[in-house]
Amino acid sequence: MSAREQEGHSFIFIGGLHRSGTTLLGRMVAEHPQVSAFADTGVPADEGQHLQSVYPPARAYGGPGRFAFAAEAALTERSPLVSEESCSALLAAWRPHWDTTLPYLLEKSPPNLIRFRFLQALFPDASFVAVVRHPVAVAYATQKWSRTSIPALLGHWLAAHDRLAADRPYLKRLAIVRYEELVAAPQRAVAHLDDFLGLPGHSPLSEVTSDSNERYFDRWRRDGQGLLARVVRARTLRRFAGRFEVHGYSLTDL
């Protein structure tokens, strides 16, 4: 998209692993009267990744719980796909699903998490929001879709968030929203995000469940019972020793 085509709009891109809260946060931001987001598009979760053909969606790399393992799934400003033609094609695909009379246009897709640099190259003044949730909750919530083991899903969480950490220095406008803080104090979390985005404050209407992680934590505890389970759990903890703490989480504090 050319500078002329972008004039008058501020773009917001939300990303985060599947089951991290991207849909919840996207809905909350879209409740702002100055923000337009996708709705009733007919594609899964109204995600922009499924409405365009410029770059492959997550399913091309295995889908939930798998896509971040593929090095080619992570896109940056060095991608050959970065061009004015790509920008124009994305705008043409997404424009029919936005109310372009509004100043802020929002697109939400989980794999944006490892593609913020690519999207920034196409939309230089855009704002990027990453939603991060406890790895144990994400792993158990995703397992029914990915049909992979919990250790593999924990590894996938690390692959995605290690990539985000490496990309952070290159991003001009990035906000990190922790799911746990969002559901514990939604008004405060949204107020901080409105301020980051340059929006007048608004009150989110979406209902949240503040203890939604607990059922997954309970499963983690139950699955760690028994001699064999304890051996597998010990191997898992050794394999990932200290790596989650870098991102503000722990597998041993449950």
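1. For the residue classes used here, Ala, Val, Leu, Ile, Met, Phe, Trp, Tyr, Cys and Pro count as nonpolar, Asp, Glu, Lys and Arg as charged, and the others, Gly among them, as polar. By that scheme, the lining of the largest cavity has 5 nonpolar residues, 4 polar ones and no charged ones. Please keep in mind that this is a predicted model.

2. How many cavities of 30 Å³ or more turn up in the whole structure? The search finds 1. The volume of the largest cavity is about 50 Å³.

3. The lining can be checked by name. Leu-17, His-18, Pro-64 and Gly-65 belong to it. So do Val-138, Thr-142, Leu-153, His-156 and Trp-157.

4. Which helix gives the most to this lining? H6 does, with 3 residues. Helix H5 (135-146) and helix H6 (150-167) each supply at least two lining residues.

5. Buried here means under 20% relative accessible area. The buried stretch includes Pro-135, Val-136, Ala-137, Val-138, Ala-139, Tyr-140, Ala-141 and Thr-142. Ser-146 is buried too. Val-138 and Thr-142 are buried in H5, and both also line the largest cavity.

6. What do the buried residues of H5 pack against? Their partners are H6, helix H9 (214-223) and helix H10 (227-239).

7. Arg-147 follows the helix, and its phi is positive, near 55°.

Terms used. Residues are numbered from 1 along each chain as its sequence is written. This is a predicted model: local features need pLDDT of at least 70, side-chain atom pairs count only at pLDDT 80 or more; totals for chains, interfaces and linings use all residues. Side-chain values use heavy atoms; hydrogens and water are left out. On a 1 Å grid over the protein atoms alone, a cavity is a set of points where a 1.4 Å probe fits but cannot get out, and a pocket is an open set with protein on both sides within 12 Å along at least five of seven lines; lining residues have an atom within 4 Å of a point. Grid points are joined across faces, edges and corners, and a volume is the space filled by probe spheres set on the points. Helices (H or I, at least four residues) and strands (E, at least two) are DSSP runs, numbered from the N terminus. Buried means under 20% relative accessible area, exposed over 50%, partly exposed in between (1.4 Å probe, protein chains only). Contact means heavy atoms within 4.5 Å.
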